[in-house]
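Dear colleague,

I am handing over the structure that I have been looking at, and below it I have written down what was found. Please read the notes with the structure open beside you.

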Amino acid sequence: MDIIWHEKTKQFHLCNDTISYVMYVQPNGELGHLYFGKCIHDREDFGYLVNRVPLPVTAYYDTKDYFSIELNGQEYPSFGAGDFGSPAFKIIDQTGSGISNFTYLTHEITSAKKQIPGLPATYAAEDEAMTLEVELVDEFTGMHLFLSYSIFRDFPVITRSARFENRGKNELILDRALSLCLDLTDADYEWLQFSGAWARERHIKKRKLCEGITAIESRRGHSGANQNPFVILKRPDTTEEKGEALGFSFVYSGNFFAEAQGDANQKLRFIMGIHPDNFSWIIKSGEKFSTPEVVMARTENGLNDLSHTFHSLYNNHLVRGKWKNKERPILLNNWEATYMDFDEDKILQIASKAKEAGVELFVLDDGWFGTRNDDTRGLGDWFENREKLPDGIKGLAEKITAMGMKFGFWIEPEMVNPDSELYRIHPDWTLSVPGRKSTLCRNQMVLDYSRQEVVDHIHDMIYKILNDAPVSYIKWDMNRSITECFSNSLTDKEQGMVYHKYILGVYQLYERLINEFPDILFESCASGGGRFDAGMFYFAPQAWCSDDTDAEERVFVQYGTSYGYPISFIGAHVSAVPNHQTRRTVPMAMRGNVAMFGAFGYELDLNRISEAEFEMVKDQIVFVKEHRKLLQYGVFYRLSSPFESDQASWMVVSDDKKKALLAVYSMRANVNRLRGPLKLSGLDSEKMYKVGDRNYYGDELMNVGLPLREDIIPGFNMAEDSSSAVVEISEV
């Protein structure tokens with residue numbers, strides 16, 4: 001790992017054992033891009049990569065040597081002075097112009113990684129990463145721009161962010177501030193995005209790139225279930241096991257934008273950051289603005305390898321505190337068992353049966369506070385409903401812990417019902433436009449977290465409960481997107497700051513609570529997967545990844561999620577049948593076989609299932625406890641995709657390759673069809689493994705494969721709907 005500066009040629013070379021990243025100070029003083037790819041030997045001058053050719057109708061900075069910004073890669077481009085592609089930023093100066101010219105001033109190379117004030121980001125110790133910060137200045141406005149690049153020692157990863165500091169005399173407006181621009185020399189890539197909606201999050205969508213623009217975005221006030229802030233660019237022949245791919249993950253939970261733009265010369269520009277629509281940040285003299293971080297990873301060994309990079313990086317350099325790399329407790333949540341129709345006796349009956357099954361954590365969901373008997377009222381009033389819980393959260397928590405389980409509960413601290421004490425006292429604390437009708441969703445409005453007094457008030461109510469009761473877990477929900485994004489506390493010129501200020505307020509509340517209660521496991525939830533992003537995982541090490549608990553649908557959701565996020569992040573539960581979202585009845589075996597590949601739990605009343613099913617539940621819990629570390633932190637391989645057939649499979653392998661778990665799923669019966677053997681991954685070619693009652697060499701399992709027959713994979717029958725099996729593989 002090294003960051004090399006060549007003073008004579010003014011070139012930077014960031015490199016480790018797998019990747020190299022080369023850039024330089026251009027003739028116009030701005031920072032230009034030369035190379036990103038496989039690690040190469042250093043040299044003082046990579047200037048041969050600069051294009052200096054006379055082409056018709058081309059804007060040239062220097063007509064003597066034909067240097068053109070348009071024909072060469074840029075690190076952080078602006079629009080209007082020779083670059084005609086999508087810009088990374090735009091600053092409106094005192095004249096009304098958006099033209100900038102940020103020229104190289106100096107740079108600093110340091111060990112480790114700096115944190116970004118107020119924002120989530122990956123972290124590293126001094127010997128684990130190096131950081132280059134390049135300072136540029138626009139002499140006309142006095143704005144200074146700091147471009148930050150961190151390269152990790154053990155990962156093919158570079159992180160990117162930017163910081164603006166107004167050292168001039170005039171107020172400036174930052175009208176666009178993305179986090180990353182990467183100019184590539186060709187556009188021969190396929191674009192993978194992870195799209196969907198509520199209850200069908202992160203489905204894989206693929207497009208071939210060419211001239212023009214391909215983009216995804218969220219303007220919902222949060223990252224959203226519709227598009228995930230994670231994109232892969234892969235070569236057309238790249239598979240799970242081989243080939244080049246680039247991954248881009250945005251460590252942010254608000255509005256975002258990601259775009260690939262192919263130009264007439266077959267070059268490709270990829271940009272990512274805060275969505276520029278409805279963003280306008282005023283930077284007064286002496287003030288600063290920092291963009292969130294983008295994590296950029298590369299592989300030459302296929303999409304599974306790219307995923308392994310993100311999984312390991314995020315488990316070790318994003319998650320913090322007590323729950324970093326710690327096995328998650330098996331929980332039971334009462335939501336689909338009772339919804340809001342419960343009292344303490346009913347909860348204790350459900351909890352008692354859960355304890356009998358071997359559950360370790362009981363979670364009380366929505367309906368315990370204020371007048372919350374349905375979703376039309378009570379949100380914002382974070383005090384116990386004493387009719388339901390006569391002894392409050394403290395009393396219930398003490399009774400649950402006396403059973404030998406941990407206790408947790410649900411909150412939705414960013415929202416308020418109009419029918420609530422909080423709203424009646426402070427209607428101006430919502431995001432709403434005076435004189436205009438407010439749009440409701442789930443009968444609720446969004447609190448204005450750009451206001452410090454709102455964050456403080458919600459913090460104080462939640463703190464009081466947590467400080468008084470033995471609580472081990474918080475499920476933090478967020479059930480609607482932002483509409484009427486207007487803050488009553490800001491001026492008309494400042495309204496473009498509200499979306500970003502809002503998410504900074506959310507981050508602040510998270511940070512305060514996790515510092516005050518470091519032992520609590522926080523699980524993020526946003527109508528399931530509506531805020532499933534790397535930014536959230538800096539605060540909450542797991543997330544409820546979809547409200548759809550149907551096991552067949554979850555195969556798709558969890559398969560797509562695995563491309564960019566570790567299995568330990570994925571909240572996955574066994575729920576009641578017929579399923580409450582799809583009305584489908586899936587066998588208990590398949591429900592368990594899907595959910596165990598994640599932060600495992602149950603979401604039903606175990607008193608209402610048959611004795612045979614209850615015995616299956618107990619067996620599932622024993623199995624998960626025995627294999628929990630492997631399930632949540634083993635090396636995860638996707639083997640066959642549900643997006644390509646009605647059958648799917650994946651596996652996890654221990655670091656020492658001595659143990660593995662193979663999961664196979666068939667959503668629909670295959671009548672009169674014989675499928676070829678399933679080739680496994682990640683094993684040791686020389687080791688002998690036991691699978692079922694047979695032994696195989698690792699090279700057999702990976703190169704020949706296992707026939708998908710019940711005599712080979714016990715319990716799996718492709719002639720049945722909703723058939724599944726999880727098979728232990730162990731070194732002989």
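The buried residues of helix α6 are covered by, among others, α4 (392-402), β24 (406-411), α5 (421-425), β27 (473-476) and α7 (498-516), where covering rests on contact, meaning heavy atoms within 4.5 Å. Helices (H or I, at least four residues) and strands (E, at least two) are DSSP runs, numbered from the N terminus.

This is a predicted model, in which local features need pLDDT of at least 70 and side-chain atom pairs count only at pLDDT 80 or more, while totals for chains, interfaces and linings use all residues. Residues are numbered from 1 along each chain as its sequence is written, and side-chain values use heavy atoms, with hydrogens and water left out.

The buried residues of α6 are Val-454, Val-455, Ile-458, His-459, Met-461, Ile-462, Ile-465 and Leu-466; buried means under 20% relative accessible area, exposed over 50%, and partly exposed in between (1.4 Å probe, protein chains only). They lie on the same side of α6 because they cover an arc of only 165 degrees around the axis, taken from the directions from the helix axis to the C-beta atoms. On the other side of α6, Lys-464 and Asn-467 are exposed.

Leaving aside neighbours within four places in sequence, Ser-640 is in contact with Tyr-559, Gln-647, Ala-648, Ser-649 and Leu-678.
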